[in-house]
Amino acid sequence: MNMGFVSLVGAGPGDPDLLTRKAVRALRAADLVLYDALVDRTVMRIAPRAHWFYVGKRAHRPSVRQETINALMIRAARRGKCVVRLKCGDPFVLGRGGEEALALAAAGIRFEVVPGVTTAIAAPALANIPVTHRGLASGFVLVSGHDEAAYGPVLGSIAPGSATVVVLMGLRARVDIANLLMGRGWNAATPAAVLFAASTTRQETWIGTLGALASASVPSAADRPGTIVVGDVVSVGAQLAGMTAEVQDEASIKRA
Ligand SMILES: C[S@@+](CC[C@H](N)C(=O)[O-])C[C@H]1O[C@@H](n2cnc3c(N)ncnc32)[C@H](O)[C@@H]1O
């Protein structure tokens with residue numbers, strides 16, 4: 001029997017230029033692409049001949065069940081198809097990619113993992129915020145803000161200010177997360193940022209403090225994904241924003 005193959009591919013934060021070359025190769029070879037809600041539609045242009053099938057899951061909305069996604073991958077591979085399972089960011093970062101790999105392995109399907117640029121690092125980086133910075137943070141903690149039972153014990157266990165905190169899927173819970181950190185002794189003046197739709201045309205950056213993160217001053221998500229960053233490293237982004245604005249001003253003065 002001609003068995004197919006599945007590539008579990010990370011699509012990065014949205015901009016197709018942030019796909020890896022290996023991801024592009026896998027997409028060009030694909031018969032079927034099973035893609036997530038947060039995969040930018042412009043990526044579709046890379047594989048126009050493939051059949052694109054939406055299997056997105058968004059919080060609090062009707063979603064395709066994980067078992068159904070696993071079954072679709074397995075069935076197509078058994079029919080000899082080249083399948084790309086395209087997930088935003090990196091497939092193994094808060095994206096259930098590990099479960100999909102286990103399901104494929106259990107079904108005896110050949111597969112590969114194509115790592116992607118995770119939004120946990122890329123969204124801050126695109127706002128000039130390094131998640132680590134000598135003298136400010138020598139590590140970062142990544143949590144899902146989807147469920148207090150998941151982020152509570154992790155955030156509660158880190159000493160205030162000792163690491164950068166990055167939260168994915170945390171926009172709805174941002175007030176609870178900010179209050180939890182302040183309740184654990186984090187200073188309300190700690191810099192914080194929310195990076196909306198990083199790398200896309202709808203990108204927007206909010207920079208403020210942990211205290212303000214718990215207030216209404218953050219722009220509405222307007223159906224955009226967002227990444228939250230809390231820690232002194234945010235000040236580097238703010239500093240660089242000022243410096244790059246100065247450089248741009250100087251350049252426009254020189255051009256005039
Ligand atoms: C289910 S998680 C998947 C994370 C993904 N596997 C990764 O490595 O980035 C989806 C979350 O990633 C974040 N996210 C995805 N795309 C984003 C973008 N373009 N800008 C900011 N955050 C984004 C949001 O927090 C969103 O709720």
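At 15% relative accessibility, Trp 52 counts as buried, where buried means under 20% relative accessible area, exposed means over 50%, and partly exposed covers the range in between, with a 1.4 Å probe and protein chains only. This is a predicted model, in which local features need pLDDT of at least 70 and side-chain atom pairs count only at pLDDT 80 or more, whereas totals for chains, interfaces and linings use all residues. Residues are numbered from 1 along each chain as its sequence is written, and side-chain values use heavy atoms, with hydrogens and water left out.

Rings of Phe, Tyr and Trp (for Trp the six-membered ring) are taken to pair if their centres lie within 6.5 Å, and planes under 30 degrees apart count as stacked, those over 60 as edge-to-face and the rest as tilted. By this rule the chain has 2 aromatic pairs. The ring centres of Tyr 35 and Trp 52 are 5.6 Å apart and their planes stand at 65 degrees, so this pair is edge-to-face. Tyr 35 belongs to strand S2 (residues 32-35) and Trp 52 to strand S3 (residues 51-54), so that the pair links distant parts of the chain, 17 residues apart; helices (H or I, at least four residues) and strands (E, at least two) are DSSP runs numbered from the N terminus. Tyr 35 is itself buried, with a relative accessible area of 8%.

The rings of Tyr 35 and Tyr 54 have centres 5.5 Å apart and planes at 65 degrees, so this pair too is edge-to-face. With Tyr 35 in strand S2 and Tyr 54 in strand S3, the pair ties together parts that are 19 residues apart in sequence. Tyr 54 counts as partly exposed at 36% relative accessibility, and ring pairs link Tyr 35, Trp 52 and Tyr 54 into a cluster.

## Positive phi in two loops

Leu 94, although not a glycine, has a positive phi of about 45 degrees. Leu 94 is placed in the loop between strand S4 (82-87) and helix H3 (97-106), and its relative accessibility of 42% makes it partly exposed.

Asn 128 is likewise not a glycine and has a positive phi of about 65 degrees. The loop that holds Asn 128 runs between helix H4 (119-126) and strand S6 (140-144), and Asn 128 is partly exposed, with a relative accessible area of 34%.

## Ile 121 in helix H4

Ile 121 lies in helix H4 and is partly exposed, with a relative accessible area of 39%. Leaving aside residues up to four places away in sequence, Ile 121 touches Val 131 and Phe 140, a contact being heavy atoms within 4.5 Å. The C-alpha atoms of Ile 121 and Ala 216, which are 95 residues apart along the chain, are separated by 25 Å.

## The chain as a whole

The chain has 8 helices and 10 strands, and 44% of its 256 residues count as buried. For 256 residues a compact globule would have a radius of gyration near 18 Å, and the 20 Å of the chain agrees with this; the radius is taken over C-alpha atoms, and the globule rule is 2.2 Å times the number of residues to the power 0.38. The C-alpha trace spans about 60 × 55 × 35 Å along its principal axes. Among contacts with a separation of 6 or more, 67% are accounted for by residues 24 or more positions apart.
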